[in-house]
Amino acid sequence: MDTAVDLRPKLSRVSRVHMGGPFPEPVPLVVPGLGVVRCSKILQVYERKRLTCLGLLDRHRNGGTQEDKVVVKLYFARMRAARQWRKGDRGFRVFMEGGVAAPAVLFSGYLPGHGVYAAVYEYLESAENLDEVLQRTSAERDRRPMLEALIEAVALQHASGVVQKDLRASNFMVRSGNVYAIDGDLVRGFTAPLDRETSLENLAWLLANNRAFFGDHVHDWYTLYCVKRGWEAEPREERRLTGEIFRVRRRNFKKTLRKVFSSRDVFVSRKERGLFVLHRRDRPWLGPKEILSLIEGLPAAKGERDGSLSRYEVRSNHGGLLVFCSAGFLFSGRRGFGKVGGLWRNAYMLRWLGIKAPSPLALVRSGVPMGRCVSWAVFECVEGVPLGSFLRSPGVSEREMSQVLPRLARTLSTLFRFGLGLERLRSDEIMVMDDAVALSALEAVRMAVRTEAAVRRLCSDFLTEWEDAPEVKSGIEASLRSEGLL
């Protein structure tokens, strides 16, 4: 196989569709000091800029050949490849000099035979991406040790004079409780430990930009961080940290709101004349064919007035599905999806805020360009027990009630603090899960900012549901008051 070949045209054709799979064609790299590295599985893709893959390196040991795994980053942007590589290389050197836990750098530089910049790193056997682990770990008791380990890792970075600005959970690996930094792009090193102001600014970024930290545990994280730095916790400093976290989240919330329909992430789109289908690539059981078959079996919005919204609940082999349908015109708001576009946006906003809600699965639009169309949105239901049934159950204990009611109040407080509102608040549209409270009625969410008086009226009306259960009513009222909602 000819290894001296310009790889840039081939790498430019790799897209996010290929993530998690093999390269369309084998890609061998001649790496000085290492030999030939064969790139196999694609781990991450920044289209036409950079990609990360799993590589296989042949090493000679004990008279034989052994295949070692490595991680390879390839930089091939037409104009900025050298600059992007240099940023990552500088960051990993800062990690090494500061004693930060990170994969060892086996090679970093330009590959003249291939026309790309590359960095080859040690493969951390049995390590997992921290963000992926957190996403599949729902119980707080299992998530907390990993978050504490991340706080400790950041505290150690700061104590070593290292500041990693992009503190996303996806930029860390975890193995046996140890956390490793894997992204050096936005890293700076100082000759002395970071001062309190700089440290807490960076800590606020961590707590504000990772949904795993959303909640009312700022005091716990701040206290833990101070313990790891050997500092005395100060209430005034904690209040400033909380305010900064809230400010950053509000800013990010507004940015996310503008990108709801442009972000694809785990979604794949298919366009044909008169048909648009967007679906999740990680749900192979619900591809375009299955989606179209599903909605064909439901009564369409034909004959209904434009702007109406129909709701269907469907059971599948993989759980419950919510399907919404609306009729309108292609040039209407919300990118031409009408009212179901609003529900799609609501689901994304709740998810961003860390509030459990139906998960977006698919969007479908059919119709004549610039004419009348019908749009569908498919969501994965939240599985749980309706709040009314849970609280009225004779088997519910005071301890269980004391856990659920504060969660409900915190969920509503988060919603209202970020400028969202609810058209209605009913117990049958609130689901109790193992470690969270979920909102199941996406159509009840409103984007308009609610005044304090409107929030109090909504919560007061909610309390009237519990006139026949005074103990439950008093518990709900106390929880809502603790969050300033009454």
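A: Leu-150, Ile-151, Val-154 and His-158 of α4 meet Ser-199, Asn-202, Leu-203, Leu-206 and Leu-207 of α5, where contact means heavy atoms within 4.5 Å. By class, this contact of α4 with α5 divides into 6 nonpolar, 3 polar and no charged residues; here Ala, Val, Leu, Ile, Met, Phe, Trp, Tyr, Cys and Pro count as nonpolar, Asp, Glu, Lys and Arg as charged, and the others, Gly among them, as polar. This is a predicted model, in which local features need pLDDT of at least 70 and side-chain atom pairs count only at pLDDT 80 or more, while totals for chains, interfaces and linings use all residues. Residues are numbered from 1 along each chain as its sequence is written, and side-chain values use heavy atoms, with hydrogens and water left out.

Helix α4 covers residues 140-159 and helix α5 covers residues 196-209, and their axes come within 11 Å and cross at roughly 155°. Helices (H or I, at least four residues) are DSSP runs numbered from the N terminus, and axes are lines fitted to C-alpha atoms, for helices over the stretch in contact, with angles from 0 to 180 degrees between N-to-C directions. The two helices α4 and α5 are therefore roughly antiparallel to each other, a term for angles over 145 degrees, whereas angles under 35 count as roughly parallel, 65 to 115 as roughly perpendicular and the rest as oblique. The crossing of α4 and α5 is right-handed, that is, the near helix is turned clockwise from the far one by less than a right angle.

Helix α5 also meets helix α6 (residues 218-229), and the axes of α5 and α6 come within 12 Å and cross at roughly 140°. The pair α5 and α6 is therefore oblique, and α5 passes α6 in a right-handed crossing. On the α5 side the residues are Arg-196, Ser-199, Leu-200, Leu-203 and Leu-207, and they meet Trp-221, Tyr-222, Tyr-225 and Arg-229 in α6. This contact of α5 with α6 is made up of 6 nonpolar, 1 polar and 2 charged residues.

Arg-249, Asn-252, Phe-253, Thr-256 and Leu-257 of α7 make the contact with Arg-345, Met-349 and Trp-352 of α9. Sorted by class, the contact of α7 with α9 holds 4 nonpolar, 2 polar and 2 charged residues.
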